[in-house]
Amino acid sequence: MSKRRIRSGFTLVEMLIVVTVIGLIAATATVRLSAAAQRAKFQHAISRFERVDSRLRKHAFERSKACQMQIDVGTGQLQLAFENHREVTAIDLADAEISRFVAPTRETSSGRVNVDYAPDGTSETFAVELSPHNGEPIWLFFAGLTGQMTHMEEERDVQELLRTLRTGGVDAD
């Protein structure tokens, strides 16, 4: 009578397969979470830009004093200038670059642009293209009179609105 050996445990090959599968699952989860974290950081930068514009409009209106946003195009840097530039606050968008600035009368992809806010809280109508460090850029379009902000994905939509303003088709300034 031959004795059959009863196995108690896993072979080395079986253990390697299990470890490999667990490693693949962990790698996939890490990549997905990393992408989600990058999107969240970019959304935070967008929200921050929106809050800066809103803060300047409110400040100008409530104090009946002009103020200014200085946009360093090509970077993620903003400066807020209050009370005839006696008080300047720097803002770093960190996870986004301001890659373009367009308005009905000017356009640039580098250098400093000043957006003036009148004592009544209005500004010129303008749009900025924000680009994440990796991913698709988005346009933020700010209506000068109302401060209403609109997200746009296509530059042609921004240019079409600005073209309408230039020809006097819409009273957004």
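Predicted model: local features only at pLDDT ≥ 70, side-chain atom pairs only at ≥ 80, totals over all residues.
Residues are numbered from 1 along each chain as its sequence is written, and side-chain values use heavy atoms, without hydrogens or water. Local features need pLDDT of at least 70 and side-chain atom pairs count only at pLDDT 80 or more, while totals for chains, interfaces and linings use all residues.

The largest pocket holds about 170 Å³ of space. A pocket is an open set of points on a 1 Å grid over the protein atoms alone, where a 1.4 Å probe fits and protein lies on both sides within 12 Å along at least five of seven lines; lining residues have an atom within 4 Å of a point. The volume is the space filled by probe spheres set on the points. Among the lining residues are Ala 35, Arg 39, Phe 42, Asp 95, His 133 and Glu 136. Helix 1 (residues 12-63) gives the most to this lining, with five residues; helices are DSSP runs of H or I with at least four residues, and strands are runs of E with at least two. By class, the lining has four nonpolar, five polar and three charged residues. Asp, Glu, Lys and Arg count as charged, Ala, Val, Leu, Ile, Met, Phe, Trp, Tyr, Cys and Pro as nonpolar, and the others as polar.

Most residues other than glycine have a negative phi. Ser 64 has a positive phi of about 50° and lies in the loop between helix 1 and strand 1 (67-73). At 45% relative accessibility, Ala 94 counts as partly exposed, the class between buried (under 20%) and exposed.

How values were computed:
Buried < 20%, exposed > 50% of the residue type's maximum accessible area, 1.4 Å probe, protein only.
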